[in-house]
Amino acid sequence: MSIRGSTAIIGIGETPVDRLGRRPGERRRTIPEYLTWAARLAMEDAGLTRKDFDGQGLAAIYTTNYLQPFWPEETASILGITPALSMANANGGAATVSALGQAAAAIQAGLVERVLCVAASCTFVENHNGAEPRDVRDFEVPYGLMGANSGIALVMRRHMHEYGTTLDALGNIAVTARYHASLNPNAYLKKPMTLEDYKTSRLVADPVRLLDCVMPANGGKAFILTSAERAADMPRKPVYLMGFGEQDNPSYGPRTHSDATIMGIRDAGARAFAMAGVTADDMDFAQLYDDYVVIEMMQMEDLGFCEKGDTKYFESTDFSFKGTLPIQTGGGMINCGQPSTCGGMIHILESVTQLRGDGDDRQVAGARTGLCTGLGGLPYGKNLGSTAVAILSNDNG
Amino acid sequence: MAEARTEPRRPLPEITELTAPFWQAAKEGRLVMQRCRACGELTWCPRPSCVECGGEDLEWDQLSGRGTVYTFTVIRQLAGRGARAFEKDIPYVIAWVDLEEGPRFYTNIVGCPVDDVEIGMKVEVVFDPVSDDISLPKFKPRS
C-alpha cells in the first residue's frame, strides 16, 4: 500500500536565522528557544496548539551540534508535549525529508493522526562532543580534513574532470539562487551577485570557492503533517505528499571505489517519481539540497532534468521562478543559512510556500507539483551517504 | 611549567583491535588491507566483515602501494573543528588514490609542488611517522 497522496502538510514554521555566538561571550539563543519558536509558528499556521500533539507523533531531528542520545524525549520535554510516537532521524541534511516519508507512513498505518517534525540548531556553540564516524576520525582527519569543504572539493574536481564542468554553468545556478534570495524576506544573503562575483570568489578547498559554500547559522524550522482527510478541514491549503524515495549508503560500482560523480538521489528520485506517477518533466519547480553549488548540479543530472554532464544545459537554462525549471525559489540554504541538519528543511517549507501560492514576488505561476531533496553525510571515498526525495502537490488526484 | 603558545596537537587515529594490524604494518612500511577468504574481495576501511559478501573470514593482505589519483583538492583555508593543527601545512593536497588492487584511499600527495598534482597521476605509497605508533600512508609521484 503506497503512501501516495494520503497525507498533507498543514502547517509550517521558520524562525529567522542569525549568526550569534561566533565570538566568545556573545549573547545568543539556545536550541530550545529556536525549537519552541519554530514549533509555535507551525502550530499557529495550522490552527493547532500544543494540546493537539499530546498522544500524537513527534519527529525529532538530530543535530550535529548537540549530540544527545535521548534527543526525541528532550525535544518533547522542551515543547511540553506527550507524544504517542517518537521518531528520531539522524540522516544529516537528508533527515527532515527522510522524516517526512516516515511520518506519512506512520499516519497511514494509523499509529497517529498527525506528526510534528521540528528541528533547530546553534551552529557555533553548544556542547559538540566531537563524535564522528570512525572511518572519518581514524582515516581522514589525520590527513587534514577541512570539514565538508574538502570532501565536496574531491567530488567536484572529479565531476569537472569527467564532464568539463564550467564555472559559467555552476555560476548560473549560484546567481539564480541569490536573485531569488533578494525576493525572499526570510533570506539572509540578499545582496545581488554577478556571474563574475562567483567566478572570482576565493578558493577555500580548490576547486570549491567561497561562493560555492553554505553558511553556518542558528535557527529552527518545523512542519506538521496529517492525513489527507483531516487536512481538508484545516485552515491552510493542504500540500500533499505524492511521492517519496530514499537511498542510503549508495554505491555505484564496487563498494570500496564507487563512482563518486553519481548520487544516491538517482535511485531515491526514481522511487519518488514512480510512487507519484510523474516524471522530472512534470515538476513545476525543484528545491534542491544545497550545501554546495556543484551538488545542486549533480542532483539535476541524476534526477533526470538533463543528461549527465550537460554543461550547455546548465549554462543556458533559465532557473529563475519565471524560467523553464525554477530552482531554489527562496534562495536555498546557501542564501538562507544552514543551522546544521535543520537547514535542509528549508526545501520542504519553500515547496509548501510555492504550492500554497504564497511566494509573493518569487511565486512560480500556477505551481501545482514540485520536488524537494535532502542529502546528508560524506562517507569515506564516496558521494553523499543519505539521500531523500519528496514530491509535493496541491492536488492529490 | 609555563607552556606558552603550544602548537595545536595533530589528531591521530585510535588503534583498536580491528585496526592494529593495519597500523603495525604501516609502521613497518607495508600497506595492507583485509581480503575476504570467501569472495576474494578487498574491504576498506577496516570492517568486522566483508562489505561485498558479508564473509567474516578476513585476512590482512599486502598491497603493491601503487595507485592513481582519482581526484584531489588543494586546501587553501582552514575550516571546521580541529583544523588549526594543519594551518602551517597550507597549501596542501588531500587526494583519493585508487589503488592498483581496487580500493580508494584517502591521503595526502607529498613530494611534489601542489600545482603539479593532477587526476590520473601515478603515485606510490610513502610512510610518514607522525608518532611512535602511527605512520600515515601518504603518496608521492611515481617515477
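**View 1. Contact between chain A and chain B.** In this predicted model, 27 residues of chain A are in contact with 38 residues of chain B. On the side of chain A that touches chain B, α4 (134-139), α5 (147-163) and β5 (203-206) of chain A each supply at least two residues. Of these elements, α5(A) gives the most, with eight residues. Sorted by class, this side of chain A has twelve nonpolar, eight polar and seven charged residues.

**View 2. Strand pairing across the two chains.** β5(A) pairs with strand β4 (residues 66-75) of chain B in the antiparallel sense, over two bridges. Within this pairing, A:A205 stands opposite B:I75 in β4(B).

**View 3. The nine-stranded sheet of chain A.** Nine strands of chain A form an open sheet with mixed pairing, in the order β3-β2-β4-β7-β1-β8-β11-β10-β9. β3 (85-89) and β9 (285-287) of chain A each have a single partner strand and stand at the edges, so one side of each is left without a neighbour in the sheet. From one strand to the next, the twist averages 25°.

View 4. Strand β2 (residues 57-61) of chain A runs parallel to β3(A), and the two pair over five bridges. A:G57 has A:L85 in β3(A) as its bridge partner. Helix α1 (residues 31-46) of chain A packs on the sheet and touches β1 (7-14), β4 (114-122) and β7 (218-227) of chain A. The direction of α1(A) makes about 130° with that of β1(A). Helix α2 (residues 71-79) of chain A also packs on the sheet, where it touches β2, β3 and β4 of chain A. The direction of α2(A) makes about 115° with that of β2(A).

**View 5. The two domains of chain A.** The domain assignment divides chain A into domain 1 (7-130 + 217-238) and domain 2 (146-213 + 241-393). Taken over C-alpha atoms, the centres of domain 1 and domain 2 of chain A are separated by 23 Å. Between them, 35 residues of domain 1 of chain A are in contact with 32 residues of domain 2 of chain A. β1, α3 (95-108), β4 and β7 of chain A each supply at least two residues of the side of domain 1 that touches domain 2. The largest share of that side, seven residues, comes from α3(A). By class, the side of domain 1 of chain A that touches domain 2 has 16 nonpolar, 15 polar and four charged residues.

**View 6. Two cis peptide bonds.** Most peptide bonds are trans. The bond from A:D206 to A:P207 is cis, with omega near 10°. A:P207 lies in the loop between β5 and β6 (208-209) of chain A. In chain B, a cis peptide bond joins B:I90 and B:P91, with omega about 0°. The loop between β4 and β5 (92-99) of chain B holds B:P91.

View 7. Most residues other than glycine have a negative phi. A:N249, a residue other than glycine, has a positive phi near 45°. This residue, A:N249, is in the loop between β8 (239-248) and α9 (265-276) of chain A. A:N249 is partly exposed, with 13 other C-beta atoms within 10 Å. Phi of A:D360 is likewise positive, near 45°. A:D360 is in the loop between α13 (346-356) and β10 (369-376) of chain A. A:D360 has 10 C-beta neighbours inside 10 Å and therefore counts as exposed.

Terms used
Residues are numbered from 1 along each chain as its sequence is written. Chains are lettered from A and ligands numbered from 1 in the order in which they are written. This is a predicted model: local features need pLDDT of at least 70, side-chain atom pairs count only at pLDDT 80 or more; totals for chains, interfaces and linings use all residues. Two residues are in contact if their C-beta atoms, placed from the backbone, lie within 7 Å. Helices (H or I, at least four residues) and strands (E, at least two) are DSSP runs, numbered from the N terminus. Ala, Val, Leu, Ile, Met, Phe, Trp, Tyr, Cys and Pro count as nonpolar, Asp, Glu, Lys and Arg as charged, and the others, Gly among them, as polar. Two strands pair if DSSP finds at least two bridges between them. Axes are lines fitted to C-alpha atoms, for helices over the stretch in contact, and angles run from 0 to 180 degrees between N-to-C directions. Domain bounds come from an automatic or database domain assignment. A residue is buried if 20 or more other C-beta atoms lie within 10 Å of its own, exposed if 12 or fewer, and partly exposed in between; C-beta atoms are placed from the backbone.
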